[in-house]
Amino acid sequence: KTGTAFPSPFAFRKRGESGLEVSDLFPRIASRADDLCVIRSMHTGQPNHEPCLMLMNCGEQRLIRPSLGSWITYGLGTENQNLPGFVAMCPEGYPTQENENWRAGFLPGAYQGTYLDTQHTQVEKLIEHARNGAVSPGEQRKQLDLLLELNRGHREARPQNPQLEARLQSFELAYRMQMDAADAFDVTKEPKHVQDLYGPGVQARQLLMARRLLERGVRFVQVWTGKGLPWDQHQDLEGGHRKLARECDQAIAGLLIDLKQRGMLEDTLVLWAGEFGRTPVFELPDENSGAGKGRDHNPYGFSVWLAGGGVKGGHAHGATDEFGWKAAEDKVHIHDLHATILHLLGFDHEQFTYRYAGRDFRLTDVHGQVVKGILA
C-alpha cells in the first residue's frame, strides 16, 4: 500500500568546485564530487529485482547471458595470467540471482567471474582450495602435467568443445593462483596510512582488495554491499540507509582518492549503481511489522554515478520529472549505459559480438546508444 509524497530524510548540498549536489548521507563521497559523473535519468521497464539485476549485469532480463564483466574480459583479456581476469566480491554469501550476475553464459567459461566471500580474511576461506596442503608445488605440477596430457588427448578427439577447454584452463589458473593469490588478497601488506584511508570493516577491506587486484592486471572487479538485497528498504529507509552508508562511504571515497593518487583513475572506470531506484512516495507499514517510511521499487527514474575512465567529473546528466518519479530529460536506459561503458573501454557495442546458436549476440542486444554527454 502506498502513502503520500515522502521527501528525502537527507539534505543535499552543492559540493566541490563543480557545485554537484550530493546527499549528506555520503559526506566522504561528497568530498570527491568533482570526480563524479552522475546520471540522474536512468530508467528501465522492469520493476522486480531478479530480472532487473540480470538486465543491469548481463543486458538480458530473462535468459542467462554473458555478464558485463565476462564481455569485457573476453574483449580485453587479462594482464596477469596468475589471477582471474574477472573477480566478484560479496560478503557473507551470494547476492540475489547468485552467480548468474557474473556468469560467462555462452562465452568460454574462462571469462566467468571468480567469486570471493569477503567476510573472510584468510585466503583459504576467500577461495576454496587456494592452497594445497597435501603435496608440494613440484609434485602438484607433475600431477597437473599428467592430467593435462590426458585431457589434451581427450580434447583432440572432441574438437571445438569450449566447455572442455574452459575446464583445462581452470585447472591451470587454479594452480597459478596458489602462487599469487595470498599476496594479492592480503591487505595487511598495505602501509597503515593506506589502510586508514579506506577505514575499518568489510567494505573497506574488499575495496582495498579491489585496488590491489586492479594494479595486478585483473581487468574487471565487481564489489557488492552484501548478500541478498541490503539496500531494499521497504520499511525503515532512513535507518537502513544510514547504516549501510556508514559502512561504505569512507571506503568508496578512499578508493577514488587512492586510484587518483596512483595515477590509475584516468584509465580505471568506476561505476556505482543498483538495478533500479525507489518511489517518491512512501510505503504504508505492513500490518505485521509495525514499521513504516520505506519506499517501493521504481524502474522509471533513478541515478547512478561513474568516475574516471574518460567521463566528465563534477557533472550531472539528465533529470527526472519534478516529483522524482520518472526520467524526463536526456533519458538513459541500461542498454545505453552498457553501450557507453563499452565505448569508454574502446569497443563499438554494435560490432563487439559473439556468434552463438546461429546468430551474432552482443551485450546490448539490438538496443543502446552511447551517452555522449558524459564523455570527457
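**A loop, its sheet and the covering helix**

A: Q97 counts as partly exposed because its relative accessibility is 22%, where buried means under 20% relative accessible area, exposed over 50% and partly exposed in between, with a 1.4 Å probe and protein chains only. The model is predicted, so local features need pLDDT of at least 70 and side-chain atom pairs count only at pLDDT 80 or more, whereas totals for chains, interfaces and linings use all residues. Residues are numbered from 1 along each chain as its sequence is written, and side-chain values use heavy atoms, with hydrogens and water left out.

Q97 is placed in the loop between β5 and β6; here helices (H or I, at least four residues) and strands (E, at least two) are DSSP runs, numbered from the N terminus. The phi of Q97 is positive, near 75 degrees, in a residue other than glycine. E92 is also placed in the loop between β5 and β6, and E92 likewise has a positive phi, about 75 degrees, although it is not a glycine.

With a relative accessibility of 23%, Y111 counts as partly exposed. Leaving aside residues up to four places away in sequence, Y111 touches S70, T73, Y74, F86 and A104, contact meaning heavy atoms within 4.5 Å. Between Y111 and S67 there are 9.3 Å from C-alpha to C-alpha, at a separation of 44 residues in sequence.

Turning to the sheet, its 3 strands form an open arrangement in the order β6-β5-β7, with parallel pairing; two strands pair if DSSP finds at least two bridges between them. The edges are taken by β6 and β7, each of which has a single partner strand, so one side of each lacks a neighbour in the sheet. On average, and with direction ignored, neighbouring strands of this sheet are turned by 20 degrees against each other, the axes being lines fitted to C-alpha atoms (for helices over the stretch in contact) and angles running from 0 to 180 degrees between N-to-C directions. The parallel strands β5 and β7 are joined by 4 bridges, and V87 has V221 of β7 as its bridge partner.

Helix α3 lies across β5 and β7, and runs at about 165 degrees to β7. In this helix, residues 68–76, the buried positions are L68, G69, S70, W71, I72 and T73. Two of these, S70 and T73, are among the residues that Y111 touches. The cover over the buried residues of α3 includes the strands β5 (86–89), β7 (220–223), β17 (354–356) and β18 (359–361), together with the helices α2 (49–58) and α10 (334–344). After α3 comes G77, with a positive phi near 70 degrees.

How do α2 and α10 pack against each other? Their axes come within 9 Å and cross at roughly 25 degrees. That makes α2 roughly parallel to α10, since angles under 35 degrees count as roughly parallel, over 145 as roughly antiparallel, 65 to 115 as roughly perpendicular and the rest as oblique. On the α2 side the contact is made by C52, L55 and M56, and on the α10 side by I334, H335, L337 and H338. By class, this contact has 5 nonpolar, 2 polar and no charged residues; Ala, Val, Leu, Ile, Met, Phe, Trp, Tyr, Cys and Pro count as nonpolar, Asp, Glu, Lys and Arg as charged, and the others, Gly among them, as polar.

Another helix, α8 (residues 202–215), has 11 of its 14 residues buried and is thus mostly covered. The buried positions of α8 are Q203, A204, R205, Q206, L207, L208, M209, A210, R211, R212 and L213. From its first C-alpha to its last, α8 reaches 20 Å, close to the 20 Å expected at 1.5 Å a residue, a span defined as 1.5 Å times one less than the number of residues. α8 is followed by G217, whose phi is positive, near 95 degrees.

L214 is touched by T268, as are L259, A307, G308 and G309, not counting residues up to four places away in sequence. T268 lies in the loop between α9 (237–261) and β8 (270–272), and T268 is buried, its relative accessible area being 12%.
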